[in-house]
Amino acid sequence: MSTQLNLILLGPPGAGKGTQAARLVEDFNLPWVSTGDMLRAAVTEGSELGIKAKEYMDAGNLVPDDLIVALIVERIGEPDCSDGFLLDGYPRTIPQADALEQALRGLDRSVAATLLVELDDEEVVRRLSGRRMCVKGGHGYHLEFDPPKHEGICDQDGSRLIQRDDDVPEVIRRRLAVYHEQTEPLAAYYEDRGMLKRFDGSRTQTEVHDHIRAALATLRLEDSV
Ligand code: ADP
Ligand code: ADP
């Protein structure tokens, strides 16, 4: 088996997966594979997948496994993923994790680590309620914790900041319930396989980032001995 950085970011909505992913893909020069972003792009495009996915996303439910698995198996087979990748928002169910394991095994590859960013429900609600994204580059902000320099405008590309349709109280509650029911069991799944690393998502963005980097440095050292 290879020692590529095939990484998974796991955690409840709002834990800071996207925030950390943006930093880690820079650090390690990895492609950022976000199923949420891929699905939102499909919805905007109005593709067949987008039309099917929209009703699930709007309700805060998971898009059916068969649609997501097909999308991800194709994506990780692309050339830019051949030296490693960072999965953000996948897997979210045990069948998705099994499908990933099987697809990687077919390529003689495996998951190097699953990074679980933990955050309690109350904090998740605060994070998601204040989350804003820019329309152009998808850069993330928080009204309270990470505000832009000029209200409503992205620091990085000057585009408008918007709130996601699913970051509203009723849908947030549903997404959290779905997380506890369907996604949280993946922590034990990866723990049993000795692949899980836990991080305290309530720390600052920089602290979480430092902790993840330290854990990955250790992983690489272990691999090279
Ligand atoms: P967050 O950043 O808040 O964790 P995402 O952007 O990852 O949310 O996902 C938004 C929505 O897209 C989810 O609520 C779900 O409907 C859908 N989705 C994303 N990834 C998956 C997946 N792996 N399986 C099923 N549905 C998914
Ligand atoms: P996820 O991808 O897990 O859904 P995001 O990275 O989009 O989460 O973060 C959710 C919200 O919380 C965003 O508004 C982001 O700016 C903010 N945020 C992320 N990490 C932290 C942190 N460590 N402390 C405070 N706020 C954070």
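Me: Where is Leu219 placed, and why is Leu219 called buried or exposed?

Reply: Leu219 belongs to helix α9, residues 205-224; helices are DSSP runs of H or I with at least four residues, strands are runs of E with at least two, and both are numbered from the N terminus. Buried means under 20% relative accessible area, exposed over 50%, and partly exposed in between, with a 1.4 Å probe and protein chains only. The relative accessible area of Leu219 is 10%, so Leu219 is buried. The model is predicted, so local features need pLDDT of at least 70 and side-chain atom pairs pLDDT 80 or more, whereas totals for chains, interfaces and linings use all residues. Residues are numbered from 1 along each chain as its sequence is written, chains are lettered from A and ligands numbered from 1 in the order in which they are written, and side-chain values use heavy atoms, with hydrogens and water left out.

Me: Which residues are in contact with Leu219, leaving aside its neighbours within four places in sequence?

Reply: Contact means heavy atoms within 4.5 Å. With that exclusion, the partners of Leu219 are Leu5, Ala112, Ala113 and Lys197. As for Asp120, which is 99 residues from Leu219 along the chain, the C-alpha atoms of the two are separated by 27 Å.

Me: What makes Gln20 buried, and what does Gln20 touch?

Reply: Gln20 is found in helix α1. Its relative accessible area is 3%, so Gln20 counts as buried. Not counting residues up to four places away in sequence, Gln20 touches Gln205, Val208, His209 and Ile212. A polar atom of the Gln20 side chain also lies 3.3 Å from the backbone nitrogen of His209. A polar contact is a pair of N or O atoms within 3.5 Å; within protein, one must be able to donate a hydrogen and the other to accept it, and residues adjacent in sequence count only if both atoms are side-chain atoms.

Me: How do you know how compact the chain is?

Reply: The chain has 9 helices and 8 strands. Its radius of gyration is 17 Å, close to the 17 Å that the globule rule gives for 225 residues, so the chain is as compact as a globular protein of that length. That radius is taken over C-alpha atoms, and the rule is 2.2 Å times the number of residues to the power 0.38. Along the principal axes, the C-alpha atoms fill a box of roughly 50 × 40 × 30 Å. Of the 225 residues, 46% count as buried. Among contacts between residues at least 6 apart in sequence, 70% join residues at least 24 apart.

Me: Which residues are closest to ligand 1, and how much of the ligand does the protein bury?

Reply: Ligand 1 is surrounded by 19 residues, the closest being Thr35, Arg40, Asn61, Gly89 and Arg175; a residue is near a molecule or strand if one of its heavy atoms lies within 4 Å of it. A polar backbone atom of Asn61 is 2.6 Å from an oxygen atom of ligand 1. For Arg131, an N or O atom in the side chain is 3.0 Å from an oxygen atom of ligand 1. Of the 550 Å² that ligand 1 exposes when taken alone, the protein buries 96%; accessible areas come from the Shrake-Rupley method with a 1.4 Å probe, and for residues only the protein chains shown count as cover. Helix α2, residues 35-45, gives the most to this shell, with 4 residues.

Me: What surrounds ligand 2?

Reply: The surroundings of ligand 2 comprise 17 residues, with Gly14, Thr19, Arg131, Tyr141 and Arg203 the closest. A backbone N or O atom of Gly14 lies 2.8 Å from an oxygen atom of ligand 2, and a polar side-chain atom of Arg131 lies 2.7 Å from an oxygen atom of the ligand. The protein covers 91% of the 560 Å² of accessible area that ligand 2 has on its own. Helix α1 gives the most to this shell, with 3 residues.
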